[in-house]
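This report describes a sheet and its surroundings, for a reader who wants to follow the strands on screen.

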Amino acid sequence: MRTFNAPGRLDLSTEMLLLPACFRPSLRITLFKPFLWTNIAAKNKSSRSLSFPIVRASSVSTFSTASEAAVMAQDGPINQHPLQVAKRLEKFKTTIFTQMSSLAIKHNAINLGQGFPNFDGPDFVKDAAIQAIKDGKNQYARGYGIPDLNSAIASRFQKDTGITIDPESEITVTSGCTEAIAATILGLINPGDEVILFAPFYDSYEATLSMAGAKITCITLQPPDFALPLEKLKSKISKNTRAILLNTPHNPTGKMFTKEELEQISLLCIENDVLVFSDEVYDKLAFEMDHISIASLPGMYERTVTMNSLGKTFSLTGWKIGWAIAPPHLLWGVKQAHSYLTFATSTPMQYAAAVALNAPDSYYEELRKDYKGKKEILVDGLKAVGFKVFPSSGTYFVVVDHTPFGLPDDVAFCEYLIKEVGVVAIPTSVFYLDKEEGKNLVRFTFCKDEGTLRSAVERMKERLVKK
Ligand SMILES: Cc1ncc(COP(=O)(O)O)c(C=O)c1O
């Protein structure tokens with residue numbers, strides 16, 4: 001059995017057991033059988049020993065996760081064939097969130113790792129989705145979004161930023177913010193273009209930039225406050241920089257970029273003619289200060305793509321409704337990429353998303369109040385356990401220094417925490433280009449009900465010992 005000893009590497013046998021039946025070998029093989037039999041025989045002379053056709057449709061990987069591959073390997077013949085993946089994705093492994101959530105199930109651990117609520121979204125939004133389905137809103141939507149949703153997004157943006165936009169030419173609805181990120185990068189970044197990222201960063205940025213062939217320049221935000229290192233940014237940004245990828249409120253640290261920091265970034269972008277791709281999925285989870293969209297600063301709207309989604313704010317992370325907002329000349333590229341990535345996203349969910357975004361302010365106030373209570377339970381609890389907790393102004397995450405407990409790095413600590421304590425956290429090294437930089441930090445989420453948060457804290461109080 002392999003041991004879990006590095007980010008992205010996992011005791012694969014644990015995940016195998018947890019795969020839903022639909023991923024198990026028999027079904028997949030049945031599905032691909034007619035197509036593969038001849039293909040593989042023709043392509044691969046050494047496949048004589050195969051007792052069954054193996055899933056291989058092309059020269060790219062056919063497995064969406066390493067665990068799926070492992071399941072196939074366990075089944076027999078596939079282990080004669082190395083996993084395949086295009087070079088642009090070679091360095092990326094099964095996401096840490098999948099790995100940790102799987103381990104959580106195996107060890108019956110309380111999952112404060114992956115950022116999905118363990119409570120449901122509001123009834124008025126779910127009812128709107130059910131109604132839309134019953135009303136027959138079930139065929140392809142307009143590619144860039146149903147008119148109702150584009151209008152609701154434009155109204156919310158106007159309310160939040162004071163900027164009036166045209167819902168038809170300045171918004172593209174996507175499958176979650178993840179697709180907005182992909183469409184923005186693939187639609188506006190050429191191979192070799194230089195893009196600045198702030199580490200730690202949300203994991204899809206690096207992978208998507210890699211798919212686009214971008215050249216990544218990374219600037220690290222340092223604890224305790226993860227402040228903008230202005231001199232560093234000045235030394236890295238130039239006329240050769242195509243874009244900066246910004247995330248505020250920031251996952252994993254909970255940092256919110258201050259007005260002053262955003263102004264400093266803006267001035268440098270204008271001076272060097274640089275675009276900003278701003279991921280604001282946690283904009284409504286701002287606790288210690290008001291969220292500011294960089295697009296609202298002078299001279300910035302025309303060079304910014306603002307990306308957002310429904311999932312975090314409405315506790316509906318599985319719906320994957322997102323959007324990108326940009327002036328028409330930038331949105332064109334985003335729209336083009338979106339057209340060929342997914343073309344359109346789920347029609348009934350878009351109708352429901354329009355209803356959600358028209359929610360009164362009281363909805364957002366309640367949400368914040370509720371999350372503030374949860375945050376207090378977790379932060380106070382983590383401090384009482386003995387962690388050094390770094391301040392988090394927004395998102396539903398907090399980052400702590402785990403070193404008082406004597407484990408060599410963040411991955412070892414998280415493995416220990418799951419197996420011996422029964423709590424899941426996320427090792428932050430996965431959010432850095434240089435993994436060493438994140439080795440003292442782990443991230444906890446408080447998007448769980450209060451009972452779960454209290455139980456997790458109790459377990460840590462009982463079982464975690466300072467070394
Ligand atoms: C910073 C950040 N951006 C984007 C996403 C993805 O959003 P969505 O689920 O809408 O694709 C996440 C999800 O965790 C996130 O943390």
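The model is predicted, and in it seven strands form an open sheet with mixed pairing, in the order β2-β8-β7-β6-β5-β3-β4. The edges of this sheet are formed by β2 (171–175) and β4 (215–220), each of which pairs on one side only. On average, and with direction ignored, neighbouring strands of the sheet are turned by 20° against each other.

| Strand pair | Sense | Bridges | Residue pair |
|---|---|---|---|
| β3 (residues 194–199) and β5 (residues 241–247) | parallel | four | V195 opposite A243 |
| β6 (residues 275–279) and β7 | parallel | four | S278 opposite T306 |
| β7 and β8 | antiparallel | four | S309 with bridge partner G322 |

How many of the residues of β7 are buried? Six of its six residues are, and the strand is mostly covered. The side chains of this strand divide between two directions, with T304, T306 and N308 pointing one way and V305, M307 and S309 the other way, although all of them are buried.

A helix also belongs to this part of the picture: α11 (residues 328–341) lies across β2, β7 (304–309) and β8 (321–325), and its direction makes an angle of about 30° with β2.

Conventions:
Residues are numbered from 1 along each chain as its sequence is written. This is a predicted model: local features need pLDDT of at least 70, side-chain atom pairs count only at pLDDT 80 or more; totals for chains, interfaces and linings use all residues. Two strands pair if DSSP finds at least two bridges between them. Axes are lines fitted to C-alpha atoms, for helices over the stretch in contact, and angles run from 0 to 180 degrees between N-to-C directions. Two residues are in contact if their C-beta atoms, placed from the backbone, lie within 7 Å. A residue is buried if 20 or more other C-beta atoms lie within 10 Å of its own, exposed if 12 or fewer, and partly exposed in between; C-beta atoms are placed from the backbone.
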